[in-house]
Protein chains: 2
Amino acid sequence: MRVVALDAMGGDNGADAAVRGAAALSLEATDVHVLAVGDIEQMSKILDDVEYSPKRLTLVRADGVVPMAADPRAALDQRPRCSILVASQLVASGEATALVSAGHTGATILASARVFQRLPGVQRAALAAVHPTEARHGPHGDPFGLMLDVGATLSATPEDLVAFAVMGAAYSSIVSEVASPRVALLSNGTERGKGTPAIIEAHRRLLVGPLNFIGNIEGLDIPRGTADVVVCDGFLGNVVLKMLEGVGEVVRDVAREASSRKLKWRVGLSMLSGGIQELKRLTDWKAYGGAPLLGFDQVVIKAHGRSEARAIRNAIKVAAKSANGDLIGRIRDGASAAGLGDT
Amino acid sequence: MRVVALDAMGGDNGADAAVRGAAALSLEATDVHVLAVGDIEQMSKILDDVEYSPKRLTLVRADGVVPMAADPRAALDQRPRCSILVASQLVASGEATALVSAGHTGATILASARVFQRLPGVQRAALAAVHPTEARHGPHGDPFGLMLDVGATLSATPEDLVAFAVMGAAYSSIVSEVASPRVALLSNGTERGKGTPAIIEAHRRLLVGPLNFIGNIEGLDIPRGTADVVVCDGFLGNVVLKMLEGVGEVVRDVAREASSRKLKWRVGLSMLSGGIQELKRLTDWKAYGGAPLLGFDQVVIKAHGRSEARAIRNAIKVAAKSANGDLIGRIRDGASAAGLGDT
């Protein structure tokens with residue numbers, strides 16, 4: 001039985017989405033037990049309205065939550081018993097084997113840095129994100145690629161970029177079950193001399209390393225899905241990821257506008273409903289689940305702030321799958337094989 | 001009469017698109033005269049098949065062209081009479097007032113750097129690009145925003161970013177006729193402390209400067225069109241712009257796939273044809289025209305490599321409009337007002 005600690009209080013949909021997601025999962029015949037951490041009264045009230053299995057869902061008390069707009073440092077200092085800190089401590093103490101949070105991203109990163117240890121050879125943690133791609137990945141044909149860092153840090157040294165590559169490959173091999181994930185550096189050209197000095201040096205190191213490194217890719221390759229794992233610094237990754245969200249929103253707006261303006265267009269859209277599943281996937285992928293925060297000695301999955309119950313349920317499953325696949329051990333081995341931290 | 005020098009030999013569609021575009025424009029009652037520079041025999045042959053007005057189109061001989069895959073430095077060294085160099089020299093000598101090229105981007109930048117002067121206060125030229133936006137810009141409702149630099153340089157100092165802002169605002173005010181273009185820095189958060197050290201310092205300088213600076217924007221804001229002019233370094237701009245192209249390609253592929261697979265979907269798509277004009281615009285904008293290379297003492301418009309005749313015609317019109325609006329004088333004045341080059 002895998003025990004997952006869930007910060008059930010954060011996120012735009014609050015405890016409702018988190019608790020409903022955990023409740024739904026508890027009814028499936030999985031080997032996952034969720035510790036839902038938060039305001040007991042509030043969580044109990046939500047459970048009153050839904051079916052769940054008490055064998056696979058336990059409520060754990062915390063006091064306070066980091067509000068989505070708060071400064072994470074001050075908020076954690078002021079709330080030592082808040083849900084993200086209590087959930088993290090359950091993992092650090094061994095009562096749970098993975099952490100899931102749909103709350104404040106900065107607070108999740110900071111709580112992890114305070115409560116967990118960084119892995120040997122990893123100077124900086126990285127937040128990864130999945131993004132929709134035209135190409136499929138792995139034996140199940142996952143229509144998503146992994147990109148990291150998307151904002152845990154700002155800049156990255158060559159050593160950081162190599163560590164991101166190692167961690168992303170370990171995660172992709174477990175969660176998408178890609179045997180030897182294709183890893184690429186995001187740059188302004190495919191030639192090995194293209195990019196910032198950090199990219200050029202990371203490229204040199206990855207070429208002689210143990211990963212399946214396919215070289216630099218360009219912006220075009222992100223939606224195409226040329227690589228399974230896209231590596232970049234947190235500044236670039238953040239801008240790119242948010243732009244993909246923006247494109248998705250605009251495409252949705254345009255489709256909604258078209259269907260509301262004319263009956264003919266509405267009929268056309270409904271006739272297309274099968275065909276636009278692909279498009280929906282490309283624009284609506286945020287609802288699917290979570291993405292890992294990598295570099296610590298524990299499994300941390302960050303669900304998107306707008307997550308609904310289904311996304312929370314998926315994020316918990318991904319956390320358990322990561323723990324089952326020994327994500328942390330694989331990153332340790334990968335970092336060692338890549339010679340990280342040797343100097 | 002504005003005289004525009006056109007490098008008619010480059011581009012994926014070669015002399016054909018360039019000469020046909022110039023020929024089409026010559027039949028309109030505009031005050032533009034095009035000097036089409038390239039292989040006389042090849043260009044004459046194309047003109048044999050189309051209508052044109054010799055009063056507004058003259059062929060000028062050049063020997064050789066920079067191939068799209070060539071190293072631009074070596075190619076220019078080996079071909080001192082190639083089309084891009086001859087066209088640039090026509091502008092530098094005053095025989096033409098603007099340069100248009102659909103050829104090799106690097107060769108256009110390098111030829112400009114060799115033949116033209118950089119404007120006072122401008123340390124680095126910037127290549128701008130238009131990108132489709134949900135919001136409209138200017139009195140004609142242009143569905144495009146301007147972004148720069150998208151790849152003339154790699155990194156940018158705070159002073160470079162301020163210069164890009166000045167140049168982008170001058171261009172937007174002339175070509176989109178936006179009276180006071182909203183200028184923004186692309187960053188990983190809207191707060192003024194967000195971003196790289198160069199962005200934070202440029203933010204500080206733009207806040208006290210003469211431009212209509214709206215602060216930082218995030219990736220989300222690019223497709224939304226929150227700003228008229230988006231400022232970033234060439235590395236970030238290149239990745240972002242190519243990603244937008246990639247998204248457009250994927251959306252087009254999905255639509256094509258949908259319409260080829262089922263009759264019902266094909267009918268649905270055709271019923272939507274009015275409604276998807278918006279989507280077409282968002283995915284197909286590259287065909288529309290050109291984008292400026294800014295920072296030199298002459299007007300330079302780079303048409304996209306895949307340009308067809310209509311895009312070449314539009315790029316020539318944009319070049320003439322830029323010259324008519326005194327783009328160079330406005331950048332000079334803007335750089336001086338922003339205190340560039342004062343130290």
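**Exercise 1.** Find how many residues the largest nonpolar core has and which of them have the most contacts inside it.

*Solution.* Start with the count: the largest nonpolar core has 240 residues. Such a core is a set of buried Ala, Val, Leu, Ile, Met, Phe, Trp, Tyr and Cys residues joined through C-beta atoms within 7 Å; buried means 20 or more other C-beta atoms within 10 Å of a residue's own, with C-beta atoms placed from the backbone. Next, the residues with the most contacts inside the core are A:Leu6, A:Ala36, B:Leu6 and B:Ala36. Finally, domain 1 (1-122 + 295-326) and domain 2 (130-287) of chain A both contribute residues, so the core lies between them; the domain bounds come from an automatic or database domain assignment.

A word on the model: it is predicted, and local features need pLDDT of at least 70, side-chain atom pairs count only at pLDDT 80 or more, while totals for chains, interfaces and linings use all residues. Residues are numbered from 1 along each chain as its sequence is written, and chains are lettered from A and ligands numbered from 1 in the order in which they are written.

**Exercise 2.** Work out how strand 6 of chain B (residues 142-148) is placed.

*Solution.* Strands are DSSP runs (E, at least two residues), numbered from the N terminus, and two of them pair if DSSP finds at least two bridges between them. First, strand 5 (residues 126-137) of chain B pairs with strand 6 of chain B in the antiparallel sense over six bridges; here B:Ala128 stands opposite B:Leu148. Then, strand 9 (residues 229-231) of chain B pairs with strand 6 of chain B in the parallel sense over three bridges, with B:Val229 as the bridge partner of B:Leu146. Last, six of the seven residues of strand 6 of chain B are buried, so the strand is largely enclosed by the rest of the structure.

Terms used. A residue is buried if 20 or more other C-beta atoms lie within 10 Å of its own, exposed if 12 or fewer, and partly exposed in between; C-beta atoms are placed from the backbone. Helices (H or I, at least four residues) and strands (E, at least two) are DSSP runs, numbered from the N terminus.
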